[in-house]
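These are my notebook entries on a structure I looked up.

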Amino acid sequence: YTPTLALAVLALVLFALLLLFHTFRLYTTRLYAFSILLIFTTLCEIVGYVFRLRSSPPPVGNPYGVINFVVQYFFIVTAPVFLSAAIYTTLTSFIAALSGHNNTTGAKRLSPFGLSKKTILGIFITADVIATIVQVAGAALIGVSQSNRKSPVTANNILLAGLAFQVFAFLVFLILLFIFIRNAGKIMLSTDTAEGGRGTVMRMYTLALVASSLLVYVRTCFRLAETSQGVGGYASSHEAFFGALEFAPIVVAIGLLGWWHPGRLVGRNGLLSAGSVY
């Protein structure tokens with residue numbers, strides 16, 4: 001299909017607003033790693049949708065330009081990697097904050113299978129990087145194959161392998177996230193009584209993290225299903241699927257993590273930050 005102008009413009013407006021929102025959150029919370037990752041996410045999405053705009057019908061764009069397809073695909077596929085990394089850092093920050101800063105024993109008790117912060121980040125960020133490299137290589141080869149009027153089957157299989165690996169890796173992360181929630185449940189309940197309902201606030205931020213994670217997973221599963229149908233399949237030839245299952249989940253996930261920004265819990269003067277008076 002030819003990308004519509006309306007979706008590209010809507011995406012550019014929303015991601016620009018989210019970029020401003022997360023820049024403001026960076027200034028107010030000083031949670032640098034998380035906020036910078038979300039800022040990178042929105043910047044990549046903006047670049048991707050600029051080139052998607054360039055792929056729209058004339059006179060605005062040129063839907064036959066291979067470079068437009070490759071660049072928009074690269075940035076739209078790469079952007080959620082930074083979002084996923086932000087989600088991983090949020091989990092490790094919550095583990096550290098709930099167990100007491102610099103409390104190794106408490107962190108091991110809360111962390112799924114006693115995994116350290118470095119181990120969790122290392123495993124899943126590495127998995128995302130590998131999956132993304134494979135996906136981008138597959139997408140680029142698809143573009144080259146189509147421009148040379150050759151079969152894109154091999155290239156599509158490369159892309160499919162990268163997506164399948166990413167779906168599996170994020171599923172493992174979701175399992176770890178739910179194990180953390182189970183481990184942290186008693187602490188959250190006890191803080192409701194001991195600290196004036198603070199556990200309720202903590203649960204709201206945890207729910208936002210879970211919802212964002214599930215949205216990212218839905219998006220990744222859609223990409224896998226779309227690619228499994230092959231180039232020209234039903235999902236990849238109808239933009240409504242892209243809008244509902246690629247664009248919308250990422251916008252909502254970034255918005256949730258902006259409104260329930262973890263920096264308000266573990267950032268400067270956050271509810272769970274070391275030395276917080278709240």
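What end-to-end span should helix H8 (residues 239-259) have, and how far apart are its end C-alpha atoms? The model I consulted is predicted. I took 1.5 Å a residue for the 21 residues of H8, which should therefore span 30 Å. The end C-alpha atoms are 28 Å apart, in agreement with that value. I also looked for bends and found one of about 35 degrees at alanine 248 in H8. Proline 249 follows within four residues.

Entry on a charge over a ring. I noted that the charged end of arginine 52 sits over the ring of phenylalanine 242, 3.8 Å from its centre.

Entry on aromatic pairs. My search of the whole structure returned 14 aromatic pairs. One of them joins phenylalanine 69 and tyrosine 73, with 5.9 Å centre to centre and 35 degrees between the planes, and is tilted. The two residues are 4 apart in helix H3 (residues 66-99), so about one helical turn separates them. I classed phenylalanine 69 as partly exposed because its relative accessibility is 28%. Tyrosine 73, at 9%, is buried, since the cut-off for buried is under 20%. I also recorded a cluster of Tyr88, Phe124, Phe170, Phe173 and Tyr217, linked by ring pairs.

Entry on glutamine 135. I located glutamine 135 in helix H5 (residues 117-147). Its relative accessible area is 1%, so glutamine 135 is buried. Its side chain makes a polar contact of 2.7 Å with the side chain of glutamine 166. Beyond four places in sequence, glutamine 135 touches several residues, including Tyr73, Val77 and Leu159.

Methods:
Residues numbered from 1 in each chain as written. Predicted model: local features only at pLDDT ≥ 70, side-chain atom pairs only at ≥ 80, totals over all residues. Heavy atoms only, no water. Buried < 20%, exposed > 50% of the residue type's maximum accessible area, 1.4 Å probe, protein only. Polar contact = N/O pair within 3.5 Å; in protein donor to acceptor, adjacent residues only side chain to side chain. Contact = heavy atoms within 4.5 Å. Expected span 1.5 Å × (residues − 1). Bend = angle between axes of the 7 residues up to and from the residue. Phe/Tyr/Trp six-rings, centres within 6.5 Å; stacked < 30°, edge-to-face > 60°. Lys NZ or Arg CZ within 6 Å of the ring centre and 35° of its normal.
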